[in-house]
Amino acid sequence: MRSTEEMLRLITDTAERDENVRAAVLSGSRADISRPTDVYQDYDVAFLVGDLTPYFNNPCYIERTFGKALIMQLPDLNDNPSLTVETAERFAYLTIFEDGVRLDLTFTTLMPDWGNEPIKVLFDREGHLEDNPDNECYMVKRPTQAEFSACCNEFWWCLNNVAKGLKREEIPYAKSMFELTLRPQLNKIVEWYIGSISDFSVSTGKLGKYFKRYLPDSIYYKYLRTYTTSDPARIWSSLINTCKLFSDLARIVAQDLGLEYNSKEEDGARLYMMNVKGGIYEQ
C-alpha cells in the first residue's frame with residue numbers, strides 16, 4: 001500500500017501540473033490532527049477547478065492518474081442519472097485501488113462549504129485558502145432540554161413498533177425498526193453520557209465507532225448486548241436490556257447536566273411492551 005506521504009505527494013503534484021485546478025484541499029479524518037491514523041482511512045480531497053469537463057464521468061482519468069481501481073462509485077450519477085456536464089457543479093469519484101488505498105476525489109467549480117470541519121490545504125494556486133486543524137465540529141455537543149426530551153420521547157414511543165413486530169414474529173420489520181428508530185436515540189444518549197464524563201471535549205466518531213474508547217468497560221459490554229441474532233426470544237431479551245441501558249444512561253445524563261427526565265413516558269412504554277410480550281391485550 002502506498003504511504004500517506006506518497007499519496008499526498010501524488011495528489012498535490014497532480015493538482016500543480018493541471019492548470020485547470022485552482023486548489024486541492026484535504027478534509028475528513030486525515031485532516032484532523034487529533035485523530036489516530038491507520039491504513040484504512042480515506043483520502044477525502046476536493047479539487048477546485050475552472051472547468052468540470054475534463055473530469056466529468058471520466059473514470060479513465062482516475063485510473064490513469066492514481067492507479068487501477070478495484071471498485072469505483074460515481075455518487076453524483078447514481079443520485080441523478082440524467083446529470084450532464086452542463087448542469088453539474090461538481091463530480092465525485094469514490095475509488096478503492098489495487099493496493100487498498102481509498103481516495104474520495106471531488107472536482108468542483110464552487111468553493112465547498114467545509115464549515116468548521118478540519119481541512120488541510122495541499123495546493124492553492126492563488127494563495128487564498130488556509131488550513132483549519134480545529135476538530136471542534138466533531139465533538140459531542142451538550143444537549144438542550146428540548147433535544148434531550150425529544151430523544152427520550154422518540155425512543156420510548158418507537159418501542160411499541162418493535163414490540164408489536166416481535167409479537168407478530170415479523171422479524172425483519174422488528175429488527176429494522178429497532179436499528180432505524182431505537183438505535184439512533186440510544187446512540188445519542190450514549191454520546192451525551194460520554195460528553196458528560198469528558199466535559200464535551202471528545203468525538204465519538206461516526207455511528208459510535210469510538211464508543212469503546214470512551215465508555216467504561218461495563219457499559220460498553222451492556223451496549224454490545226443490544227445487538228441480537230434473529231431468534232425472537234433473544235431479541236426480546238436484547239430489547240429489554242436496551243431499555244434498561246437507555247433508562248440508566250438517560251437518568252445519569254439528566255442528573256449530570258441538570259435536565260429533566262420524564263419517567264412517566266418510560267413507565268408507560270415499558271408496561272405496553274411487556275403487555276404485548278405477555279399477550280395481555282389478546283385476552
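User: What follows helix 8, and what is its phi like?
Analyst: In this predicted model, helix 8 is followed by G258, which has a positive phi, near 70°.

User: How many residues does helix 8 have, and how far does it reach?
Analyst: Helix 8 has 26 residues and spans 37 Å from its first C-alpha to its last. That is close to the 38 Å expected at 1.5 Å a residue.

User: Switching to rings. How many aromatic pairs are there?
Analyst: The count is 15 aromatic pairs. One of them is F155 with F246, which is stacked, at 3.9 Å centre to centre and 5° between the planes.

User: Where do those two sit in the chain?
Analyst: F155 is in helix 4 (residues 145–167) and F246 is in helix 8 (residues 232–257). They are 91 residues apart, and the pair links distant parts of the chain.

User: Buried or exposed, F155 and F246?
Analyst: Both F155 and F246 are buried.

User: Which residues form an aromatic cluster?
Analyst: F47, Y55, F56, Y61, F91, Y93 and F107 form one.

User: And charges over rings, which residues?
Analyst: R30 lies over the face of Y43, 3.9 Å from the ring centre. The charged end of K277 sits over the ring of W236, at 5.8 Å from its centre.

User: Now the surface. Which residues form a nonpolar patch?
Analyst: M1, V39 and Y40 do, with about 380 Å² of accessible area together.

User: Where is M1, and is it buried or exposed?
Analyst: M1 lies in the segment before helix 1 (4–17). M1 counts as exposed because its relative accessible area is 51%, and the cut-off is over 50%.

Methods: Residues numbered from 1 in each chain as written. Predicted model: local features only at pLDDT ≥ 70, side-chain atom pairs only at ≥ 80, totals over all residues. Heavy atoms only, no water. Phe/Tyr/Trp six-rings, centres within 6.5 Å; stacked < 30°, edge-to-face > 60°. Helix = DSSP H or I, 4+ residues; strand = E, 2+ residues; numbered from the N terminus. Buried < 20%, exposed > 50% of the residue type's maximum accessible area, 1.4 Å probe, protein only. Lys NZ or Arg CZ within 6 Å of the ring centre and 35° of its normal. Expected span 1.5 Å × (residues − 1). Patch = residues over 30% accessible without salt bridge, like charges linked within 9 Å, V, L, I, M, F, W, Y side chains within 5 Å. Areas by Shrake-Rupley, 256 points an atom, 1.4 Å probe, with all protein chains shown as cover. Salt bridge = Lys/Arg side-chain N within 4 Å of Asp/Glu carboxyl O.
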